[in-house]
Amino acid sequence: MPFCSDCKEEKGRDCFTKVQLRKADTVRRCKDCIKQQQKQNEVPRHIAAALDKAAERRQGQNQMKSRRNKAKKAEPDDPQKLAERTRYFQPRQPCPPAPLPTSDISLRNDIKAIKELIRHAVPIVLNRGLPSGVGLDGFCQRKLEARFWEVLNNENALWLTYPFLLGLVGGELGNINKRVNFIAPEPHPILHWLVQFNLLRAQLGYCGNEDMVALALRAGASVHEEVSNKCTALFFSMKYSNVRTVELLLDAGAKVDHKDCYGHTVWKNAAERPNSRLIELLLERCNELIPVREFINTTRDCNDLSVSFAWTLPDTMLAYYSLMLPTNDSEGCPVPVSWKILGPPTIDDIAVSLIRVLQAGARFSPPTNHPSDMRAQNLALVTHIDSPCVRIRNAIPQQYEIIRRLRDVIYGRWIPECIGKEIQEINELKSPVDSTCLICLTEMESDDVPITLYCGHRFCLECIKAL
């Protein structure tokens, strides 16, 4: 039965119009919900009457003006009267714009100032040039103003979007590298927030994408700005943006070999919530500077700090996905923050990312007999996930299925569809062509003029003629 997206109920087909029946379930609305919405949008009677009176008044004024103009045109052109008449119609000087607020702004109180700033910023952005490949191709002034208003029309994200628009204008109004703060313990540069648009969309309803990141970079935003943990915008983009944003940062000169305060490169952030296309991009453009086989994540024994263990990138990925390696400071909460906000990654993304890293030369660490070596325990958990004694605390619903898929990938029982197609293509290229004639059972050479039939079998020309 059709489903109404407003009242969240399934109703008969007669409760919907033909137009609504052709729509998807997420936007379909029944007749009752449409009538209720129309009643809410109806203008009250006293307001409608006032509007009608105002329209009649304007119509009468326009008629009086037209009569006066006709009378003036009928009069003879007297130079003295013409000079007196035009003296009162000198062009006025435009009023100076209202001062733009710099802090404590709100859509309710400063909506006129915000729209004025958008109209002031759009010509500057157009003169600077619009970036290509980010959804702004072919945008005119009107479309760009509408896009900016769509981004700024959000009270929850105005702490970021308004300084960002001031930074696009530049000059005395704002700085594109300004540090702003909302939920972080310290102020971050504007670019650091813009590259986390998936995080802001999930928490604040922010509707910016890589287009705002590209405009900030075009306005001069620095990709080398750091916060207290020495992370640049590239680190944050690995978890909370997309492949196109990472490409923009790399094209802008972001240092891929930069390390945070713990000595980790961007590989650790990219492996936390993997995107297979992003992993492939890093392997293509950054593997020479930061090889995956040289990634080391050092952990120490809680009982003996002099004992340390070197985790390779496959070890770290396996620990993330099996919830054996915490990624935050909350006790008893090994689930990564990015998984909680954006949801867990798909099983195909996890499997393809792990396979790509192994194909690039990274390997699991050899097992040791040390009782505190979590690497061996982690691998044992994955390989024995179906054992009745295995229980994972605080696991998400998809966790057991993810671990089972990882086990099948390690043992070679299952591979993603895209990897299977690549293997099939490689095998087809490597398979030798059978050059033996199936009739005379002799090796055919180029002089024998081999003929391949529609069934795929090859015969020499003499045998075909003999038949």
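In the predicted model, Lys421 and Glu417 form a salt bridge in which the closest N and O atoms are 3.7 Å apart. Both residues belong to helix α20 (residues 417–430), where a spacing of four residues separates them by about one helical turn. An α-helix has 3.6 residues a turn, so residues three or four places apart point the same way. Lys421 is partly exposed, with a relative accessibility of 47%, whereas Glu417 is exposed, its relative accessible area being 61%.

The structure holds 15 salt bridges. Another of them joins the side chains of Asp211 and Arg147, with an N to O distance of 2.8 Å. Asp211 is part of helix α10 and Arg147 part of helix α6, so this pair ties together parts that lie 64 residues apart in sequence. Both Asp211 and Arg147 are buried. A network of salt bridges links Arg147, Glu150 and Asp211.

A further salt bridge is formed by the side chains of Arg179 and Glu225, at 3.2 Å from N to O. This pair also links distant parts of the chain: Arg179 is in strand β3 (residues 179–180) and Glu225 in the loop between α10 and α11, 46 residues apart. Arg179 is partly exposed, with a relative accessible area of 34%. Glu225 is partly exposed as well, with a relative accessible area of 24%.

Helix α6 (residues 141–152) also packs against helix α7 (residues 158–169): their axes come within 9 Å and cross at roughly 145 degrees. On the α6 side the contact is made by Phe148, Val151 and Leu152, and on the α7 side by Leu158, Thr161, Phe164, Leu165 and Leu168. Of the residues in this contact, seven are nonpolar and one is polar, with no charged residue present.

Helix α7 is also among the elements that surround helix α9. In α9 (residues 197–204), the residues Phe197, Leu199, Leu200 and Leu204 are buried. Viewed down the axis of α9, the buried residues fall within an arc of 155 degrees, so they line one face of the helix. Their packing partners are α7, α8 (190–194), α10 (210–218), α11 (233–240), α12 (243–251) and α16 (337–342).

Arg28 is located in the loop between α1 (18–21) and α2 (31–41). With a relative accessibility of 8%, Arg28 counts as buried. The side chain of Arg28 reaches two backbone oxygens: that of Gln20 at 3.1 Å, and that of Phe3, which lies 3.5 Å from a polar atom of the side chain. When residues up to four places away in sequence are not counted, Arg28 touches Pro2, Phe3, Cys4, Ser5, Asp6, Phe16, Gln20, Leu21 and Lys23.

Thr442 is placed in the loop between α20 and β7 (451–452). Its relative accessible area of 38% makes Thr442 partly exposed. The C-alpha atoms of Thr442 and Cys460 are separated by 9.1 Å, the two residues being 18 residues apart along the chain.

Notes
Residues are numbered from 1 along each chain as its sequence is written. This is a predicted model: local features need pLDDT of at least 70, side-chain atom pairs count only at pLDDT 80 or more; totals for chains, interfaces and linings use all residues. Side-chain values use heavy atoms; hydrogens and water are left out. Axes are lines fitted to C-alpha atoms, for helices over the stretch in contact, and angles run from 0 to 180 degrees between N-to-C directions. Helices (H or I, at least four residues) and strands (E, at least two) are DSSP runs, numbered from the N terminus. Contact means heavy atoms within 4.5 Å. Ala, Val, Leu, Ile, Met, Phe, Trp, Tyr, Cys and Pro count as nonpolar, Asp, Glu, Lys and Arg as charged, and the others, Gly among them, as polar. Buried means under 20% relative accessible area, exposed over 50%, partly exposed in between (1.4 Å probe, protein chains only). The arc is that of the directions from the helix axis to the C-beta atoms. A salt bridge is a side-chain nitrogen of Lys or Arg within 4 Å of a carboxyl oxygen of Asp or Glu. A polar contact is a pair of N or O atoms within 3.5 Å; within protein, one must be able to donate a hydrogen and the other to accept it, and residues adjacent in sequence count only if both atoms are side-chain atoms.
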